[in-house]
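Please look at the structure shown here and work through some questions about the terms used to describe it.

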Amino acid sequence: MGIFSRMGDIINSNLNAMIDKAEDPEKIARLIIQEMEDTLVEVRTDAARNIAERKELSRKSGEYADRAASWEAKAELAIAKDREDLARGALSAKQQSEQMVEVVEREMAVLDEAVSKADDDLAKLQTKLNEAKAKHKALSMRSQVARGQIKMRTMTRDTKVEDALARYER
């Protein structure tokens, strides 16, 4: 019965050693930090894209507003020259331009909301990234301290054994 329990202990210790080697907390923390940094870059890229698209929509909104003002001026000119048919066409074109302004402004509102959410996400992600880096640094320091302690203990034990053997030889 003693042999089986000893073999079980040996197998368990070897399995635990293999699992410990495979699951290095420092490597896992570095991997998580890398993934968070990649995500941060993606979110920043999306936010920049949304901001650029919003600026483009803002420019388009200004163009449509200018067109509406231009069509209004043309309608007034047509009425001044007693051309009601041209005035109606100009007012219709003005109305279409004003509708386009409304559509573009709704799209801008959606983009503003997306940019705002991206900013919130960036802040949260940056906070978590800073926490992860701090934890990784603490983990690395603890690991170094533990290695140093193990090294000191082995050095102390080695010298004790050597001292004991030297005393025995004397």
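Q: What share of the contacts between residues at least 6 apart in sequence join residues at least 24 apart?
A: In this protein, 84% of them do, where contact means heavy atoms within 4.5 Å. The model is predicted, with local features needing pLDDT of at least 70 and side-chain atom pairs pLDDT 80 or more, while totals for chains, interfaces and linings use all residues. Residues are numbered from 1 along each chain as its sequence is written, and side-chain values use heavy atoms, leaving out hydrogens and water.

Q: What makes D82 count as exposed?
A: Exposed means over 50% relative accessible area, buried under 20% and partly exposed in between, with a 1.4 Å probe and protein chains only; D82 has 68%, and is therefore exposed. D82 also has a positive phi of about 60° although it is not a glycine.

Q: How do you know that K74 lies over the face of W71?
A: A charge sits over a ring if NZ of Lys or CZ of Arg is within 6 Å of the ring centre and within 35 degrees of the ring normal. K74 lies over the face of W71, at 4.5 Å from the ring centre.
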